[in-house]
Amino acid sequence: RYFGAAVPAFKLSDSQFTGILDREFNAITPENEMKWDATEPSQNQFRYTSGDQIVSHAQAHGMKVRGHTLLWHAQQPAWVQNLSGSTLRSAMMNHVTQVATHYKGQIYAWDVVNEAFADGGSGARRDSNLQRTGNDWIEAAFRTARAADPAAKLCYNDYNTDGINAKSTGVYNMVRDFKTRGVPIDCVGFQSHLGTTLPNDYQTNLQRFADLGVDVQITELDITQGSNQANMYAAVTKACLAVTRCTGITTWGVRDNDSWRSGDNPLLFDSNGN
């Protein structure tokens, strides 16, 4: 199992940040540097400088890299937002091919598709420009990613799927269908942006996905500070350890001041690095 952190490239010049990162973690997820707006700001003009910087740091310190993320409804460059239909589908698959090929052999696992299911009780797909290209877009993305980098583990990643609920069951049904039909999927990521309580079926939910024949990974862990925070971190860790196919845990940042939820002080290290 790995223990990872989300890293923005600009923090690699912060000696306190890298000191903790290199001492405590053995995997890195680029926070924004591999997303579509960062890697293909203009159509067919690719920019990998910041992503390469993170990969280089990981390689120099013997760390795995989780690629994040090939396709997502958010953080798309403006030119993508102006496309639709078969034109958009073609651009999507070209993006997957080009980025996965650039990083071929350097990525442990890719979040091929991120957050494609709707919140609430429907268990349905999220409406997005990607979804409107056809319901098979996720399958197409996974097949394209496998062709581009056969060695990388291919993951689906989402939030609010920590317990057994309509959304996690929608994802479960998709994964089960993919495994039945031979669509290449190797892992499912559970973001686990948590408040003050952990769903009592958290481990059971991880296990039901593992039982489909995929690895499960905690990919973006952060937990609201409070009297229960340490117990919550322990419970998540124990749940992962109890599921044989839970292959890693990543916190979304290193110190509280690195967090997108900085007001919640949700990470393992405080703003002074303690």
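C155 and C187 form a disulfide in this predicted model, with their sulfur atoms 2.0 Å apart; a disulfide is counted here when a pair of cysteine sulfur atoms lies within 2.5 Å. The link of C155 and C187 is left-handed, at -75° about the S-S bond. C155 belongs to strand β5 and C187 to strand β6, so the pair ties together parts that are 32 residues apart in sequence. Helices (H or I, at least four residues) and strands (E, at least two) are DSSP runs, numbered from the N terminus. Both C155 and C187 are buried, where buried means under 20% relative accessible area, exposed over 50%, and partly exposed in between, with a 1.4 Å probe and protein chains only.

By this rule the count comes to 2 disulfides. The other joins C240 to C246, with an S to S distance of 2.1 Å. Its torsion about the S-S bond is about -100°, so the disulfide of C240 and C246 is left-handed. C240 is buried at a relative accessible area of 2%, and C246 is buried at 1%. With the bonded cysteines of the protein numbered in sequence order, the pairing reads 1-2, 3-4.

Helix α7 covers residues 166–181, 16 residues in all, and reaches 23 Å from its first C-alpha to its last, close to the 22 Å expected at 1.5 Å a residue. The expected span is 1.5 Å times one less than the number of residues.

Both ends of α7 have a local feature. N165 caps the N-terminal end, where a side-chain oxygen lies 3.1 Å from the backbone nitrogen of K167. Just after α7, G182 takes a positive phi of about 75°.

Elsewhere, E31 sits in the loop between β2 (27–30) and α2 (36–39). E31 is buried yet has no salt bridge, and the nearest side chain of opposite charge, K11, is 6.4 Å away. A salt bridge requires a side-chain nitrogen of Lys or Arg within 4 Å of a carboxyl oxygen of Asp or Glu; Lys and Arg count as positive and Asp and Glu as negative, while His and the chain ends are not counted. Leaving out residues up to four places away in sequence, E31 touches A6, V7, P8, H68 and W252.

Residues are numbered from 1 along each chain as its sequence is written, and side-chain values use heavy atoms, with hydrogens and water left out. Because the model is predicted, local features need pLDDT of at least 70 and side-chain atom pairs count only at pLDDT 80 or more, while totals for chains, interfaces and linings use all residues.

Definitions and conventions. A polar contact is a pair of N or O atoms within 3.5 Å; within protein, one must be able to donate a hydrogen and the other to accept it, and residues adjacent in sequence count only if both atoms are side-chain atoms. Contact means heavy atoms within 4.5 Å.
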